[in-house]
Each structure stands twice: as structure tokens, then as C-alpha cells.
Amino acid sequence: MSARTAGYIGGASIVCQGFDAGQVFDLVAEDAGGVAATLFFGVPTMFNALQQHPQAHRRF
């Protein structure tokens with residue numbers, strides 16, 4: 001699924017000014033608005049930072 005397709009079927013886009021792994025976890029959490037993210041686009045260094053963050057092992 002592409003970002004364009006997600007938008008057509010009711011998806012939302014969140015664009016941040018900078019990358020902060022903790023903020024990403026807060027934004028995609030189900031309790032942040034009742035809906036969990038289904039897509040996340042990022043570069044490999046972002047995924048590495050997310051894997052190493054303390055919140056990575058929390059269950060969503």
C-alpha cells in the first residue's frame with residue numbers, strides 16, 4: 001500500500017519537523033487517538049533508532 005492509497009481509504013499523514021524516536025512512538029500509539037498507524041515510512045537509521053529506544057519493547 002502506498003501513502004497515496006492510504007490517503008484515499010481514510011489514512012492520515014503526520015509530518016514532523018525533525019525525527020525523535022520517542023515522539024514517533026507517542027504518535028503511532030493506539031491510545032494517542034484511538035487508531036494505530038498501519039504504515040511508517042523512514043530511512044534505515046530511523047528504524048535502528050526505533051529498535052534501540054526503550055519504548056520499543058512496550059506492547060501496543
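**Figure 1. Burial and overall fold of the predicted model.** Of the 60 residues in the protein, 13% are buried (under 20% relative accessible area; exposed means over 50%, and partly exposed lies in between, with a 1.4 Å probe and protein chains only). The model is predicted: local features need pLDDT of at least 70, side-chain atom pairs count only at pLDDT 80 or more, and totals for chains, interfaces and linings use all residues. Residues are numbered from 1 along each chain as its sequence is written, and side-chain values use heavy atoms, with hydrogens and water left out. The secondary structure consists of three helices and zero strands, in the order α-α-α along the sequence (DSSP runs numbered from the N terminus: helices are H or I, at least four residues, and strands are E, at least two). Among contacts (heavy atoms within 4.5 Å) with a separation of 6 or more, 58% join residues 24 or more positions apart. The accessible surface comes to about 4,900 Å², 54% of it belonging to carbon and sulfur atoms (Shrake-Rupley method, 1.4 Å probe; for residues, only the protein chains shown count as cover).

**Figure 2. Helix H2 and its buried side.** In H2 (residues 21-28), the buried residues are Ala21, Gly22, Val24 and Phe25. These residues lie on the same side of H2 because they cover an arc of only 160 degrees around the axis, the arc being that of the directions from the helix axis to the C-beta atoms. An α-helix has 3.6 residues a turn, so residues three or four places apart point the same way. The buried residues of H2 pack against helix H3 (44-52). At the N-terminal end, H2 is capped by Asp20, with a side-chain oxygen 3.0 Å from the backbone nitrogen of Gly22.

**Figure 3. A nonpolar surface patch of phenylalanines.** Phe19, Phe40 and Phe47 together form a nonpolar patch with about 240 Å² of accessible area. Patch residues have over 30% relative accessible area and no salt bridge, with nonpolar side chains (Val, Leu, Ile, Met, Phe, Trp, Tyr) joined within 5 Å and like charges within 9 Å; a salt bridge is a side-chain nitrogen of Lys or Arg within 4 Å of a carboxyl oxygen of Asp or Glu. Phe47 belongs to helix H3 and is partly exposed, at 35% relative accessibility.

**Figure 4. The loop between H1 and H2.** Ser13 lies in this loop and is exposed at 67% relative accessibility. Its C-alpha atom is 9.7 Å from that of Phe40, 27 residues away in sequence. Ile14 is also found in the loop between helix H1 (3-8) and H2, and is exposed with a relative accessible area of 55%. The C-alpha atoms of Ile14 and Val28 are 9.6 Å apart, at a distance of 14 residues along the chain.

How values were computed:
A polar contact is a pair of N or O atoms within 3.5 Å; within protein, one must be able to donate a hydrogen and the other to accept it, and residues adjacent in sequence count only if both atoms are side-chain atoms.
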